[in-house]
Amino acid sequence: GQDHVDFPASSPHVLSCGGTTLRGAAQEIASETVWNDGAAGGATGGGVSAVFARPAWQSSVKGAMRKGELIALAQRGVPDVSGDADPETGYAVRIDGTDTVIGGTSAVAPLWAALIALINQSTGKSAGFINPQLYQSPGSLRDISQGNNGDYAAAPGWDACTGLGSPDGAKLLKLL
């Protein structure tokens, strides 16, 4: 009956991904908020681990807004980053010859993996474990500060819905 964050996302050794929803034209984002379609439609996860200690690279994070109250972040907070996870604005794929659109934070993880692979290819080297760099340079992401996942609310800076924000490829390439 209590909130829990999932493993492996809660591990301090991974880049944990949350979800957003996009509004606007196909090539121009008018707004990006926390993905939350309600109980029947799905929502991003996020929260605070009961198992893993807060990693040193997350030391700048002071807390998370939970049901209107700022709680101190004493353990590992998730997610670290986010991306479009709303099935309505998600990713066009073809499955068994049928075109469809999928979403969910399970679609955000490969989005980030592909982005890092392209950055690695562009720079000619492996970016490696990027979490410390992201937390030191949060301006390299688009901060999401609107919406909630049912328990936690988005806020400026890191939050337990969308982490540090969604990718800005050009800024991340420059950072990494």
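Here are a few questions and answers on the salt bridges in this predicted model.

Reader: How many salt bridges does the structure hold?
Author: Side chains of opposite charge can pair when their charged atoms come close. Going by that kind of pairing, the count of salt bridges in the structure is 5.

Reader: Which residue meets D86 in a salt bridge, and where does that partner sit?
Author: Start with D86, which is in the loop between β7 (81–84) and β8 (91–95). Its side chain pairs up at 4.0 Å, N to O, with a residue 63 positions away in the chain, so we're looking at a link between distant parts.
Author: Buried means under 20% relative accessible area, and D86 comes in at 0%, so D86 counts as buried. R23 has a relative accessible area of 41%, which makes R23 partly exposed.

Reader: How many residues apart in sequence are the parts that K67 and D151 tie together?
Author: The side chains of K67 and D151 meet in a salt bridge at 3.1 Å, N to O. K67 lies in the loop between β4 (63–66) and β5 (69–72), while D151 lies in the loop between β10 (141–142) and β11 (152–153). So the pair ties together parts whose separation in sequence is 84 residues.

Reader: How far apart are the closest N and O atoms of D80 and R76?
Author: D80 is buried at 0% relative accessible area, and R76 is buried at 0% as well. These two residues form a salt bridge, and their closest N and O atoms are apart by 2.8 Å.

Note on methods:
Residues numbered from 1 in each chain as written. Predicted model: local features only at pLDDT ≥ 70, side-chain atom pairs only at ≥ 80, totals over all residues. Heavy atoms only, no water. Helix = DSSP H or I, 4+ residues; strand = E, 2+ residues; numbered from the N terminus. Buried < 20%, exposed > 50% of the residue type's maximum accessible area, 1.4 Å probe, protein only.
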